[in-house]
Amino acid sequence: MPDVAVVAVVFLLSFLVLDTMLSLAFLCWPVLSPNYFHLVDRRVWALNWSPVAKVANTAGVIGAIAFGQYLLALAVAVAVVAVKLWSVAAVVRLLERDGRA
C-alpha cells in the first residue's frame, strides 16, 4: 500500500508541471484565461478548467487522503496525470494545427 508521500509526489508533479504547462497554454491564443479555453477546444477545457474538472482534479485526491485511502488517492492522482498528459498532447496538436508551434 502506498503512503501519503508517494501520493503527494505524483499529485504535486502533475500539478506543478503538467497543470502549469496547460494553464499557460491559453497565452498562445487570443483568450483571456484558461476559463475561456472552450473557445479553442471544448474537450480540453472540459477536462481541465470546467467547474466539474476543477473540483475533480483536486478533490478526489485530497478527499481520499483525508479518509486514509492512499491507494484510492494514488489511483485518482494517476488518472489525473493521464488526463493531463492527454490534454498536453491535444494542445500540442492544436498549436501545430493553428501554426503556433
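## Overall architecture

The secondary structure of this chain comes to four helices and zero strands, in what is a predicted model. Read along the sequence, the pattern is α-α-α-α, and the C-alpha trace spans about 45 × 25 × 15 Å along its principal axes.

Of the 101 residues in the chain, 36% are buried. Among contacts with a separation of 6 or more, 65% are accounted for by residues 24 or more positions apart.

## Packing of H1 against H4

Helix H1 and helix H4 pack at an angle of about 20 degrees, and their axes lie 9 Å apart. Because angles under 35 degrees count as roughly parallel, H1 is roughly parallel to H4. The crossing of this pair is left-handed.

From H1 the contact draws on Val4, Val6, Val7, Val10, Phe11, Ser14, Leu18, Asp19, Met21, Leu22 and Ala25, while H4 contributes residues including Tyr70, Ala73, Leu74, Ala77, Lys84, Ser87 and Val91. By class, the residues of the contact of H1 with H4 divide into 19 nonpolar, two polar and two charged.

## Helix H3 and its two partners

Helix H3, which comprises residues 51-66, packs with H1, residues 4-25, at an angle of about 170 degrees, the axes being 11 Å apart. That angle makes H1 roughly antiparallel to H3. On the H1 side the contact is formed by Val4, Val7 and Phe11, which meet Asn57, Thr58, Val61 and Ile65 in H3; five of the residues in the contact of H1 with H3 are nonpolar, two are polar and none is charged.

H3 also packs with H4, here at an angle of about 165 degrees and with the axes 7 Å apart. Since angles over 145 degrees count as roughly antiparallel, H3 is roughly antiparallel to H4, and H3 passes H4 in a left-handed crossing. Asn57, Gly60, Val61, Ala64 and Ile65 in H3 meet Tyr70, Leu72, Ala73, Val76, Ala77, Val80 and Lys84 in H4, a set of residues that divides into nine nonpolar, two polar and one charged.

## Nonpolar cores

The largest nonpolar core has 16 residues, of which Trp29, Phe37, Val40, Val44, Trp49 and Val91 touch the most other members. The elements that give two or more residues to this core are H1, helix H2 (42-48) and H4, and the largest share, five residues, comes from H4. Valine 44 touches Phe37, Trp49, Trp86, Ser87, Ala90 and Val91 when residues up to four places away in sequence are not counted.

Apart from this core lies another, of seven residues, among them Phe11, Val61, Ala73 and Ala77. Phe11 and Val61 also take part in the contact between H1 and H3, and Ala73 and Ala77 belong to the H4 side of the contact with H3.

With neighbours within four places in sequence left aside, serine 87 is in contact with Leu22, Val44, Leu47 and Asn48.

Leucine 94 is likewise placed in H4, which covers residues 70-97. Its relative accessibility is 6%, so leucine 94 counts as buried. Not counting residues up to four places away in sequence, leucine 94 touches Trp29, Phe37, Val40 and Asp41; of these, Trp29, Phe37 and Val40 are among the residues that touch the most other members of the largest nonpolar core. Leucine 94 and leucine 39 are 55 residues apart in sequence, and their C-alpha atoms are 12 Å apart in space.

Aspartate 19 has its place in helix H1. At a relative accessibility of 15%, this aspartate counts as buried, because the threshold for that class is under 20%. Aspartate 19 touches Ser14 and Lys84, not counting residues up to four places away in sequence, and Asp19, Ser14 and Lys84 are also listed among the residues that make the contact of H1 with H4.

Methods
Residues are numbered from 1 along each chain as its sequence is written. This is a predicted model: local features need pLDDT of at least 70, side-chain atom pairs count only at pLDDT 80 or more; totals for chains, interfaces and linings use all residues. Side-chain values use heavy atoms; hydrogens and water are left out. Axes are lines fitted to C-alpha atoms, for helices over the stretch in contact, and angles run from 0 to 180 degrees between N-to-C directions. Angles under 35 degrees count as roughly parallel, over 145 as roughly antiparallel, 65 to 115 as roughly perpendicular and the rest as oblique. Contact means heavy atoms within 4.5 Å. Ala, Val, Leu, Ile, Met, Phe, Trp, Tyr, Cys and Pro count as nonpolar, Asp, Glu, Lys and Arg as charged, and the others, Gly among them, as polar. Buried means under 20% relative accessible area, exposed over 50%, partly exposed in between (1.4 Å probe, protein chains only). A crossing is left-handed if the near helix is turned anticlockwise from the far one by less than a right angle, and right-handed if clockwise. A nonpolar core is a set of buried Ala, Val, Leu, Ile, Met, Phe, Trp, Tyr and Cys residues joined through side-chain atoms within 4.5 Å.
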